[in-house]
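This report describes one protein chain in plain terms.

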Amino acid sequence: MKQTLKNNLLTVEIDSHGAELHSIINNITGQQYLWQGDATYWGRRSPVLFPLVGAVWNGRYRMDGKEFALGQHGFARDMEFSVIEDTPEDEAWFAIEADDSTLVKYPRRFRLEIGYRLQEERIDVMWRVRNLDTEEMAFHIGAHPAFNLPEFDAADSIHGYFLFDSRSIRSELIEEKGCVGEKLVDVCLDDESMFPITASSFDNDALILADRQARRVSLLGKNRTPYLSLLFNAPLVGLWSPVRKNVPFVCIEPWWGRADRIGFEGDFSEREHTNFLAPGETFSASYMIIIENV
């Protein structure tokens, strides 16, 4: 089921499957900002990552003294959400709760609510996680929106730019089995704090900026024209495009969590960047998408 939010500038569509942002269209020009999915490159559009961001070492993790199998980025993105009624006119909200299919992968009862609010050129993406269990809940949550590169031409040497609100950026790297190594690399920015997006920018997989190095990441066209921005207060942000495929989209991903370190076999609660909820408590987080060229 699709839900639509619309104003004089933008039309935003959300799919109840995964409560996934499905489309962002400029009402004047018809421009589509969100990657529309193509399994040749990447079949998703903007999945929500829960209760895991990234991969666990060897696809397994420990909780309550037991071992569980869980695929990369968790399971919420593949679940059908119910639509929450009686929401404001400019908002759409969706929810899932733990059931037998989730408890065999993640032994906590929870309620996850995902909301979207459209205000002028801004889209607020909002999350609420409630612990319905009798035990403390350890979890991750993150975003994975993919945005079309404007006027993409695979033959171009530069496809666009990332602009950061910081002049010095260091990245962790995915090094083995989807997990993070110990290496830190400097992300080379030009004099305007921009990083050129090229066919080889993601040859080593995602760039992972930890420790709140950035609170705003903007995507600019190849002529340095502002296109869109993401604002967030996440502890990490990932930048990604499929490895060695020279595709017409990039992802800007605010994360409250991250893949395991290589070789990590401890309890889920000992994983880096993990969030914790006592029974009955609620965790809230959000980020904002700003369309710059409307």
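## Salt bridges

E91 is buried, with 14% relative accessible area; buried means under 20%, exposed over 50%, and partly exposed in between, with a 1.4 Å probe and protein chains only. The model is predicted: local features need pLDDT of at least 70, side-chain atom pairs count only at pLDDT 80 or more, and totals for chains, interfaces and linings use all residues. Residues are numbered from 1 along each chain as its sequence is written, and side-chain values use heavy atoms, with hydrogens and water left out.

The side chain of E91 meets that of R117 in a salt bridge of 2.9 Å, N to O. R117 is partly exposed, at 21%. A salt bridge here is a side-chain nitrogen of Lys or Arg within 4 Å of a carboxyl oxygen of Asp or Glu, and by this rule there are 20 salt bridges. Strands are DSSP runs (E, at least two residues), numbered from the N terminus.

Another salt bridge joins K2 and D15, whose closest N and O atoms are 3.7 Å apart. K2 is in strand β1 (residues 2-6) and D15 in strand β2 (residues 10-15), 13 residues apart. K2 is partly exposed at 40% relative accessibility, while D15 is buried at 14%.

D260 and R271 also form a salt bridge, at 2.5 Å from N to O. Both residues lie in the loop between β22 (249-256) and β23 (275-277), eleven residues apart. D260 and R271 are both buried.

## Two single residues

S218 sits in strand β19 (residues 216-220) and is buried, at 7% relative accessible area. Its side chain has a polar contact of 2.5 Å with that of S229. A polar contact is a pair of N or O atoms within 3.5 Å; within protein, one must be able to donate a hydrogen and the other to accept it, and residues adjacent in sequence count only if both atoms are side-chain atoms.

D190 lies in the loop between β16 (179-187) and β17 (194-197). D190 is partly exposed at 25%, and its side chain makes a polar contact of 3.0 Å with the side chain of R224.

## Empty space

Rolling a probe the size of a water molecule over the atoms shows where empty space is left. On a 1 Å grid over the protein atoms alone, a cavity is a set of points where a 1.4 Å probe fits but cannot get out, and a pocket is an open set with protein on both sides within 12 Å along at least five of seven lines; lining residues have an atom within 4 Å of a point. Grid points are joined across faces, edges and corners, and a volume is the space filled by probe spheres set on the points.

| Space | Volume |
|---|---|
| Largest cavity | about 90 Å³ |
| Largest pocket | about 280 Å³ |
| Second largest pocket | about 160 Å³ |

Of the 15 residues lining the largest cavity, T198, A199, F202, S241 and V247 are closest to its centre. The largest pocket has 16 lining residues, with Q72, H73, H144, D205 and W240 nearest its centre. Residues lining the second largest pocket include Q31, P150 and E151.

Note on methods. Helices (H or I, at least four residues) and strands (E, at least two) are DSSP runs, numbered from the N terminus.
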